[in-house]
Amino acid sequence: MKGQKILKVTSILMIIGGIIAAIAGVIAILGVSALAALSGSAEGTGLLYASSIIVTVASIIQFIAGIKGLGACKEPGKAASCIKWGIIIAVLSIVSMIIGLIGGGEFSITSLVLNLLLPVLYVYGALQMKGSVSA
């Protein structure tokens, strides 16, 4: 079926990436807490907490999208919901970059492209599968 391989590979990568990012997000939250405890003040940690929480939530969403994508490979009628999940992940990637810029980071077109590559391929595979089911 058209798009099935792309959706399957990107779904597996999303599951792996989601698990790794969830662990990193939890470690980041704990690190910010430790930083606040060691400094004796939570002042200035708001943006760090926000970005750590967004990373954790986004990774959970990415993991769910990966599971949904694998399900859509077996049952192509579910491909339409994968499109929504992929768009949500792309938006969260952009939000994450914006928070990084607000926090003092620099804009990098390479980073933007790499952050959006997997969600775009995921949506492309889902669109291909949806189109082959409709046809």
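**Ser-93**

I started with Ser-93 and found it in helix α3, which covers residues 79–102. I'm working from a predicted model here. Is Ser-93 buried or exposed? Its relative accessibility is 15%, so I put it down as buried, the cut-off being under 20%. Next I looked up what Ser-93 touches, skipping neighbours within four places in sequence. That left Asn-115 and Leu-116 as its contacts.

**Salt bridge**

How many salt bridges does the count come to? I got 1. Lys-78 forms a salt bridge with Glu-75, and I noted 3.8 Å between the closest N and O atoms. Then I checked how open the two partners are. Lys-78 has 40% relative accessibility and goes down as partly exposed. Glu-75, with a relative accessible area of 46%, is partly exposed too.

**Nonpolar patch**

Then I turned to the surface and looked up a nonpolar patch there. I listed its members as Ile-19, Ile-23, Ile-27, Ile-60, Phe-63, Ile-64 and Ile-67. Together they have about 590 Å² of accessible area. Two elements each give two or more residues to the patch: α1 (4–39) and α2 (46–74). Which element gives the most? My note says α2, with 4 residues.

Ile-60 sits in helix α2. Its relative accessible area is 43%, so I wrote it down as partly exposed.

Note on methods:
Residues are numbered from 1 along each chain as its sequence is written. This is a predicted model: local features need pLDDT of at least 70, side-chain atom pairs count only at pLDDT 80 or more; totals for chains, interfaces and linings use all residues. Side-chain values use heavy atoms; hydrogens and water are left out. Patches are made of residues with over 30% relative accessible area and no salt bridge: like charges are joined within 9 Å, nonpolar side chains (Val, Leu, Ile, Met, Phe, Trp, Tyr) within 5 Å. Accessible areas come from the Shrake-Rupley method with a 1.4 Å probe; for residues, only the protein chains shown count as cover. A salt bridge is a side-chain nitrogen of Lys or Arg within 4 Å of a carboxyl oxygen of Asp or Glu. Buried means under 20% relative accessible area, exposed over 50%, partly exposed in between (1.4 Å probe, protein chains only). Contact means heavy atoms within 4.5 Å.
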